[in-house]
Amino acid sequence: MKTNYNLIMNEILKSIDLENVPSILLHSCCGPCSTEVISRLTKYFNITVLYYNPNIEPEEEYIKRKNEQIKFIKAFKPINSLEFMDCDYDNDAFFKMSKGYENEPEGSIRCHLCYKLRLQKTLDIALANDFDYFGTTLTVSPYKNAQVLNQIGEALSKDKNIKFLYSDFKKEDGYKKSIEYSKEYDLYRQEYCGCHFSQNNN
């Protein structure tokens, strides 16, 4: 039986003291996916968006997506604070991670390892900067496995002095709303996940 991570997240949000808003380091895969997620969380968190996506190539595509992320953050009017944190382009990290899994189909273990790579980086930075929570926008996509993503986040945060924000942002029309936000803010929506494997399968 699948776990309803959207329900779990809603319970977490209900428990948050809005007079003492916590901080969250939110990994974002791209501007369009971040739109509905940020809109939904801004009431409950001081959000710092982390752009760490070593899977994206070529570098020109990476920069284009990053600039769209920054564009949205500058244009959006948050309830609590909204900041941006950048990481260096590190495509080598993705290729080292995917070695031996080149022929795996899209959505299988190679993708799951990519989830872990990005969530581990998010956790490391969140711990180093004393964030209260860490999470990801990846669950807004119907092409990403929310069950696996949440299981990875839970495992990584075990015995750590930080909370993982469980989520399934595609629920409650989250993906549909992200498309509407993208149109409203005139955001570029990419045609492939990011890595050359997904580009070749498109």
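Biologist: Leaving aside its neighbours within four places in sequence, which residues is Thr 139 in contact with?

Modeller: Bearing in mind that this is a predicted model, one can say that Thr 139 is in contact with Ala 146, Leu 149, Asn 150, Ser 167, Asp 168, Phe 169 and Lys 170. Thr 139 itself sits in the loop between β4 (133-136) and α6 (146-157), and although Phe 169 is 30 residues away in sequence, the two C-alpha atoms are 5.4 Å apart in space. With Ser 167, the side chain of Thr 139 also makes a polar contact of 2.8 Å.

Biologist: Is Thr 139 buried or exposed?

Modeller: Buried means under 20% relative accessible area, and Thr 139, at 1%, therefore counts as buried.

Biologist: What is found at the N-terminal end of α6, and what just after the helix?

Modeller: Asn 145 caps the N-terminal end, with a side-chain oxygen 3.0 Å from the backbone nitrogen of Gln 147, while just after α6 Asp 159 takes a positive phi of about 65°.

Biologist: How should I read the salt bridges, and how many are there?

Modeller: Side chains of opposite charge can pair when their charged atoms come close. Here the count comes to six salt bridges, one of which joins Lys 14 and Glu 11 at 3.5 Å, N to O. An α-helix has 3.6 residues a turn, so residues three or four places apart point the same way. Lys 14 and Glu 11 are three residues apart in helix α1, and are therefore separated by about one helical turn; Lys 14 is exposed at 65%, whereas Glu 11 is partly exposed at 44%.

Biologist: Which parts of the chain does the salt bridge between Asp 86 and Lys 66 link?

Modeller: In that salt bridge the closest N and O atoms are 2.8 Å apart, and the pair links distant parts of the chain, with Asp 86 in strand β3 (residues 82-86) and Lys 66 in helix α3 (residues 59-75), 20 residues apart. Asp 86 is partly exposed at 37% relative accessibility, while Lys 66 counts as buried at 15%.

Terms used
Residues are numbered from 1 along each chain as its sequence is written. This is a predicted model: local features need pLDDT of at least 70, side-chain atom pairs count only at pLDDT 80 or more; totals for chains, interfaces and linings use all residues. Side-chain values use heavy atoms; hydrogens and water are left out. Helices (H or I, at least four residues) and strands (E, at least two) are DSSP runs, numbered from the N terminus. Buried means under 20% relative accessible area, exposed over 50%, partly exposed in between (1.4 Å probe, protein chains only). Contact means heavy atoms within 4.5 Å. A polar contact is a pair of N or O atoms within 3.5 Å; within protein, one must be able to donate a hydrogen and the other to accept it, and residues adjacent in sequence count only if both atoms are side-chain atoms. A salt bridge is a side-chain nitrogen of Lys or Arg within 4 Å of a carboxyl oxygen of Asp or Glu.
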